[in-house]
Amino acid sequence: MSAALLGIWRAFAVAFFCLCALVQNAITIPFFAQARRLHARAAWLHRWSRFACRVVGICVTTRGSTPRSGLLVCNHLSYLDVIVLSSVQPCVFVAKRDVAAWPLFGWLARAAGTIFVDRERRLASANVVDLVREAVAGGSLVVLFPEGTSSDGSTVLPFKSALLESAVELRCPAAAAAIEYALDDGSVADEVCYWGDMTLVPHLLNLFFKREIRSTCSFSLPRIRVGNRKEIAHELRDEILSMRS
């Protein structure tokens, strides 16, 4: 299949099956008991993400054991991070409020039970910590991107520690994850990473024309962290830096 036809087919398939997935979510999730809905939403996103990886040509390789509950702290390169991590293990994500307004990804994020944080309001972090605490206490794996924004992957940005207060209060296991991408043709920093003033739709459409995107996810062992949230943030960032190839 030519690159042009492949890109067109992928764009159509993703749009069509996203619509089907959203309809399925709207029909099935209300039948779950309230206590099980977050798990059901995470499982729904897991199935959709595995399908999306196959359609878009994302080949995912993992290193280390994937945690099943607690906190997972990861570096942030692209909106693809959510699809890749969710394809590996059902999880609940914490994302900035702006994502809720994105076309397609915003709808999927809301349907998946994403916890949104308004970084412009200082009091919002406390509310989000409560939601994270509730999700972890219910047995979910909650994914945090403490850099607060995505980058070109040349380094790991300094961590914002506010959301790691849940690790201090709950004393739940927390693991680090390092996510990386590779392309045979093109630039990962410019065509896979989504950062700066890039525009979503052109960036996404360009990805559809890539034959294959390789992603590697490395995981550290989950364990209860000791110290205050700033110390924990520093420790987890160091683990991510050490796992990057």
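Author: Helix H9 covers residues 229-243; its 15 residues reach 21 Å from the first C-alpha to the last, close to the 21 Å expected at 1.5 Å a residue. That expected span is 1.5 Å times one less than the number of residues in the helix. Helices (H or I, at least four residues) and strands (E, at least two) are DSSP runs, numbered from the N terminus. The model is a predicted one, in which local features need pLDDT of at least 70 and side-chain atom pairs count only at pLDDT 80 or more, while totals for chains, interfaces and linings use all residues. Residues are numbered from 1 along each chain as its sequence is written, and side-chain values use heavy atoms, with hydrogens and water left out.

Within H9, the residues Ile-232, Ala-233, Leu-236, Glu-239, Ile-240 and Met-243 are buried. Seen down the axis of H9, these buried residues fall within an arc of 125 degrees, so they line one face of the helix. The arc is that of the directions from the helix axis to the C-beta atoms. Buried means under 20% relative accessible area, exposed over 50%, and partly exposed in between (1.4 Å probe, protein chains only). An α-helix has 3.6 residues a turn, so residues three or four places apart point the same way. On the face of H9 turned away from the buried side are the exposed residues Lys-230, His-234 and Ser-242.

The cover over the buried residues of H9 includes strand S2 (70-74), helix H6 (165-170), strand S6 (173-182), strand S7 (213-219) and strand S8 (223-224). At the start of H9, a side-chain oxygen of Asn-228 comes to within 3.1 Å of the backbone nitrogen of Lys-230.

Helix H3 (residues 80-88) contains Val-88, which counts as partly exposed at 22% relative accessibility. Leaving aside neighbours within four places in sequence, Val-88 is in contact (heavy atoms within 4.5 Å) with His-46, Val-60, Thr-62, Thr-66 and Phe-219.

Rings of Phe, Tyr and Trp (its six-membered ring) pair if their centres lie within 6.5 Å; planes under 30 degrees apart count as stacked, over 60 as edge-to-face and the rest as tilted. By this rule there are seven aromatic pairs. One of them joins Phe-16 and Phe-17, edge-to-face at 5.1 Å centre to centre with 85 degrees between the planes. The rings of Trp-102 and Tyr-194 have centres 5.8 Å apart and planes at 75 degrees, so this pair is edge-to-face. Trp-102 lies in the loop between strand S3 (92-96) and helix H4 (105-111), and Tyr-194 in the loop between helix H7 (188-191) and helix H8 (200-208), so the pair ties together parts that are 92 residues apart in sequence. Trp-102 counts as partly exposed at 21% relative accessibility, whereas Tyr-194 is buried at 12%.

Key
Polar contact = N/O pair within 3.5 Å; in protein donor to acceptor, adjacent residues only side chain to side chain.
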